[in-house]
Amino acid sequence: MQVIKYMFQPHGDVRGQLVALEEFKDIPFTIKRVYYMYDTGEGVRRGFHAHKSLEQILICIHGSCKILLDNGTEKKVVPLEKPYEGLYVNNNMWREMFDFSPDAVLMVLASELYDESDYIRNYDEFLKFVKEK
Ligand code: T46
């Protein structure tokens, strides 16, 4: 499984750091939605689903967390620890987010608006879906 992690260019000076993200320049799709999660409780694991067509970039803009990626045959755990790194998560990929530090803010840039019908929330259905692809 190929893990695609983007290293964004911080514009740093004596004032600190600034990262700018533009669609089709830093992000490989049109950004239709941004959401973020914070105040994630200790030991919480989120996700447990795949998407039929959604593409996303996950950026832990504060603190740290880990992402489990599972394409149906292989699994990989990717730590997100820097505000300038972004994990590309394609469709057809089971994902779980865990090991959130108490101060973690996980921001997600998404290629589509929220659509519950794009979710595959059952793991057996996910395996069937990727096998049929
Ligand atoms: C994903 C991972 C990385 C909305 O109303 N709009 C939204 O855009 C989103 C993302 C969620 N919601 C609602 C739906 C649920 O009632 O917020 C609630 C929590 O969503 P969910 O349980 O799907 O959250 P996670 O953390 O399990 O998964 C989220 C995204 O849903 C998902 O697409 O890839 O983060």
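Predicted model: local features only at pLDDT ≥ 70, side-chain atom pairs only at ≥ 80, totals over all residues.

Trainee: How many disulfides does the structure hold?
Mentor: A disulfide needs two cysteine sulfur atoms within 2.5 Å. The sulfur of cysteine 65 is too far for a bond from the closest cysteine sulfur, in cysteine 60, because the two are 4.0 Å apart. The number of disulfides in the structure is zero.

Trainee: Is cysteine 60 buried or exposed?
Mentor: Residues under 20% relative accessible area count as buried. Cysteine 60 has a relative accessible area of 0%, so cysteine 60 is buried.

Trainee: Now to the ligand: which pocket does the space taken by the ligand form?
Mentor: Let's begin with the surroundings. There are 13 residues around the ligand, and Arg33, Arg46, His51, Gln56 and Tyr119 are the closest. The space that the ligand takes is the largest pocket.

Trainee: Which element gives the most to the shell around the ligand?
Mentor: Strand E2 (33-37), strand E3 (46-51) and strand E8 (94-98) are the elements that give two or more residues to this shell. The one that gives the most, with four residues, is E3.

Trainee: How far is an oxygen atom of the ligand from an N or O atom in the side chain of arginine 33?
Mentor: Let's look at other side chains before that one. For glutamine 56, a side-chain N or O atom is 2.7 Å from a ligand oxygen atom. Arginine 121 has a polar side-chain atom 3.2 Å from an oxygen atom of the ligand. For arginine 33, the distance is 2.5 Å.

Trainee: What share of the ligand's accessible area does the protein cover?
Mentor: On its own, the ligand has 650 Å² of accessible area. The share of this that the protein covers is 68%.

Trainee: Is phenylalanine 24 buried or exposed?
Mentor: Phenylalanine 24 sits in the loop between strand E1 (4-7) and E2. Its phi is positive, about 65 degrees, although phenylalanine 24 is not a glycine. The relative accessibility is 60% and the cut-off is over 50%, so phenylalanine 24 counts as exposed.

Trainee: Where is phenylalanine 48 found?
Mentor: Phenylalanine 48 has a positive phi too, of about 60 degrees. With a relative accessible area of 35%, phenylalanine 48 is partly exposed. Its place is in strand E3.

How values were computed:
Residues numbered from 1 in each chain as written. Heavy atoms only, no water. Buried < 20%, exposed > 50% of the residue type's maximum accessible area, 1.4 Å probe, protein only. Near = heavy atom within 4 Å. Polar contact = N/O pair within 3.5 Å; in protein donor to acceptor, adjacent residues only side chain to side chain. Areas by Shrake-Rupley, 256 points an atom, 1.4 Å probe, with all protein chains shown as cover. 1 Å grid on protein atoms, 1.4 Å probe; cavity = no way out; pocket = protein on both sides within 12 Å on 5 of 7 lines; lining within 4 Å. Sits in = over half its atoms within 2 Å of the grid points.
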